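Subject: Structure for your review

Dear colleague,

Please find below the structure that I am handing over to you.

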Amino acid sequence: MPLAHIARISGFTIVQAACSTAVALAVGIPAAFFTARRSFAGRNLLRSLSSVPLCIPALLVALGFISVWGRAGVCNRLLQQAFSLREPPVTFLYSLVGIIITQGFYNFPLVMATVGDRWASLSDGEANAARLLGAGEGRIFRTITLHQLLPAIVSAGMLVFLYCFFSFMIILLFGAVGTTTLEVEIYQSARGTVDFARAGRLALAETTLACLFVALYSSLEQKAARTRGGALPVGRARLPLRGAGERLAFSLTLALVACFFLAPLAGIAYNAVSSSRSPLTLETLRRTVAFRGFARAAGTTLLTASATGTLCVAVAFCYAVFLRTVDRAGKKLLLRVIPMLPMAVSGVVLGMVLTLLVRRGNLLLLIAAQVALTWPLAFRQIYAALSALPQETVDAARLLSAKKRHLLLRIYLPYTLRGMLSAAGFCFAVSAGDTTLPLVLALPKGDTLALFTYRLAGSYRYHEACAAGLLLGVLCSVVFGAASALKKERR
């Protein structure tokens, strides 16, 4: 494969990820301001959207965009009926613009949550001093607030960039000619043309770039952690919306979120309970559940997601205890970098390597691959709880018992139990919504609900795909919501 071809695909991958990140920042930063500093009806609903990118698979969001903005979507149907048009006027979805909009709005809640938490913790002391000296609000924002928010903005932006860089399902569904990325090219080379040499070169290029971006993200995350402030003081009231400009910005942000985020999610639910003959009927759901492969897919999803969540917690707990024991001061950089390494490996690359090592995929291989990529999510929660354990408690336990298992079973395990349960729920939801690894591994008779939904969409059973996707989304949301509740209660 010519080096120029790899460079062209790499360039497009970086460009689409950067543009998608720019959209996420452009929407997420204003949303962060309003949720952190202003009081308005629906604020809690807007804040709750921060969990969507983690608990709702990208496949479902893509189906939602198709239902609203696709060629046969709600928007085109309304416009064609209103203006007697033969051809659908809205055609941006299957293009680079469609990819950028879909990924940007899918990930903007991550920016809103990260930047919003930082914004809520900022002290008004410097800003008030600047106001006393005659500085306007615009200058205060540029010279003080933006400087304080910059580490959180860059850290959130880099995380979104990495997600978009490794984006697979949205590119696979919406990518037009000339809009392929490294991830999709690797999959098509390994599965379509069975050219593993070409796939290997592309995988090497992707992993090298990803390692550079992960190193940058790790550095920015450490800087953001050093400058992170405390929580919003108790009793501090949020102000109502002020001024025409602020109200206009709020209305524009809310309109964009409603059109390109809430409407696609609502579109999935609507199409799941409707059919081509009649709206608002449960017939589609009943027909989907009655499909021959649905029960097997649901059982496989519950099995693999439960096993993945359990093993992720076990691996993360063991490494967290090891890290707390040998590097409590945080001086051994290599040990701290290890949990970041899975972020540099995509599901397609890992699946391709496993396919080369093992001819046919199986559920054990799927679980092992998901654990290898997902355990850092559990580690971050468990290690955060373990780091809060006072060293005096650990020293006292060692004095009272010389047996290491007593420290493990009576101190470490009870102290992190709630964090472990929360982490298991997070990993369960991520595993259940994963479409990439089951698709790449090509499991024989082992469809998960996510892969079952993808196959329904590919066979033009759109309403049934939305119904299966809705059930998957409900499962992921319930488990993720329970995990989030445990995490908040632990705090």
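This is a predicted model: local features need pLDDT of at least 70, side-chain atom pairs count only at pLDDT 80 or more; totals for chains, interfaces and linings use all residues.

The mean pLDDT of the protein is 86, and 94% of the residues reach 70 or more. One stretch should be read with caution: over residues 229-235, pLDDT stays under 50. For that stretch, the model has five contacts beyond four places in sequence.

As to secondary structure, the protein has 22 helices and zero strands. Its C-alpha trace spans about 75 × 65 × 50 Å along the principal axes. The radius of gyration is 24 Å, which agrees with a compact globule, because a globule of 491 residues would have a value near 23 Å.

Of the 491 residues, 49% are buried. The accessible surface comes to about 23,500 Å², and carbon and sulfur atoms account for 66% of that surface.

Finally, I would draw your attention to a nonpolar patch on the surface, formed by V353, L357 and V358. Together these residues have about 250 Å² of accessible area. V353 lies in helix α16, which covers residues 347-357. Is V353 buried, partly exposed or exposed? V353 counts as partly exposed because its relative accessibility is 37%, and that class lies between the limits of 20% and 50%.

With kind regards

Definitions and conventions. Residues are numbered from 1 along each chain as its sequence is written. Side-chain values use heavy atoms; hydrogens and water are left out. pLDDT is the predictor's confidence in each residue, from 0 to 100. Contact means heavy atoms within 4.5 Å. Patches are made of residues with over 30% relative accessible area and no salt bridge: like charges are joined within 9 Å, nonpolar side chains (Val, Leu, Ile, Met, Phe, Trp, Tyr) within 5 Å. Accessible areas come from the Shrake-Rupley method with a 1.4 Å probe; for residues, only the protein chains shown count as cover. A salt bridge is a side-chain nitrogen of Lys or Arg within 4 Å of a carboxyl oxygen of Asp or Glu. Helices (H or I, at least four residues) and strands (E, at least two) are DSSP runs, numbered from the N terminus. Buried means under 20% relative accessible area, exposed over 50%, partly exposed in between (1.4 Å probe, protein chains only). The radius of gyration is taken over C-alpha atoms; the globule rule is 2.2 Å times the number of residues to the power 0.38.
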